[in-house]
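Hi everyone, thanks for coming. Please take a look at the structure on the screen, and then I'll walk you through it piece by piece.

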Amino acid sequence: MKIIVNIQLKEGVLDPQGKAVHHALSALSFNEVDDVRIGKQIVMQVNETDKDKAVARVSEMCEELLANTVIENYEIEIA
Amino acid sequence: MKVSVVVFPGTNCEMDTKYAYEKLEADVELVFHKDATLPANTDLVVLPGGFSYGDYLRSAAIAKFSPIMKDVIRFANEGGKVLGICNGFQMLLEMGLLEGAMKRNSNVHFISKYHHLRVINNENKFLQKLNIGDVINIPIAHGEGNYFIDEQGLEKLYSNNQVLLKYADENGIDKNPNGSVDSIACICNENGNVFGLMPHPERAIETLLGSSDGVKMLQGLMEG
């Protein structure tokens, strides 16, 4: 099963990379951009057929390693 | 005085740290990350600076699962002194031995230069040889040194005297190079035995090479 984990900085946590990219887009006259947030996407192939079980395991992975829950949120998606 | 300096793949400040503590006449041993236990007579553990595991995923995210870390956590929980410098500070945050997290510097650049720091609290082993308000000058070198903690956590740090150093200018006025909350450069845990800072005291031990302001800090951990 293919699982996609999206990791984003929590709302209210300033994203320096997003800010820099936003600034660069403005410099290129893409003025319609109001905000940019940059995150990470982790794509994994998981050897499990039960969706709920797979999601539960990946949540554990996020809590223990993949995300730093002090500053980041994660979303798990089954592709 | 036995100092154990832990070396991870990608660590690059272990020799500076060893040199600095040997100059202070400590017995220093480099400990490999794959070792299961710290040397038995360890008085101080230093997690040195560098780029453990290539900073993959997040700075220090992988290092916390190295075999030696279980024993470092045990040592810290038993009241042993632990100092995390730069990447080592990031490890202490990732392991939860210190509170908060590190983000990219607010200017998104790697910053490598001397920076002034102001002593906020000296009622601890690390800064006991300095005075509150002292301004010291030691190098910083990091890309992810933007310290974050939520408001509740910040209040707790202040009320327990866990904020030890702030980034400042030469007059001691707050000056923030990386976006850290309240310009914080160094904190300790509630029990006062685990210390983390982004600046590099081990790179400031010779006046001839720019500054010796790091000596008093490193010495502090050798006493009491």
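Let's start with one pair: A:Lys2 has A:Gln45 as its bridge partner, and A:Gln45 sits in β2(A). A word on how to read this: it is a predicted model, where local features need pLDDT of at least 70, side-chain atom pairs count only at pLDDT 80 or more, and totals for chains, interfaces and linings use all residues. Residues are numbered from 1 along each chain as its sequence is written, while chains are lettered from A and ligands numbered from 1 in the order in which they are written.

Strands count as paired if DSSP finds at least two bridges between them. Back to our pair, then: β1(A) and β2(A) run antiparallel and are joined by 6 bridges. On to β3(A), which pairs with β1 (residues 2–9) of chain A over 7 bridges, again in the antiparallel sense. There, A:Asn6 stands opposite A:Glu75.

Put together, this gives an open sheet of 3 strands in chain A, in the order β2-β1-β3. Which are the edge strands? They are β2 (40–45) and β3 (72–78) of chain A, each pairing on one side only.

Stepping back, chain A has 2 helices and 3 strands, and along the sequence they follow the pattern β-α-β-α-β. Its C-alpha atoms fill a box of roughly 45 × 25 × 15 Å along the principal axes.

Finally, the partner chain. Contact means that the C-beta atoms of two residues, placed from the backbone, lie within 7 Å. Chain A brings 8 residues to the contact and chain B brings 13. On chain B's side, β5 (101–103) and β8 (146–148) each supply at least two residues.

That's my tour, and I'm happy to take questions!

Methods
Helices (H or I, at least four residues) and strands (E, at least two) are DSSP runs, numbered from the N terminus.
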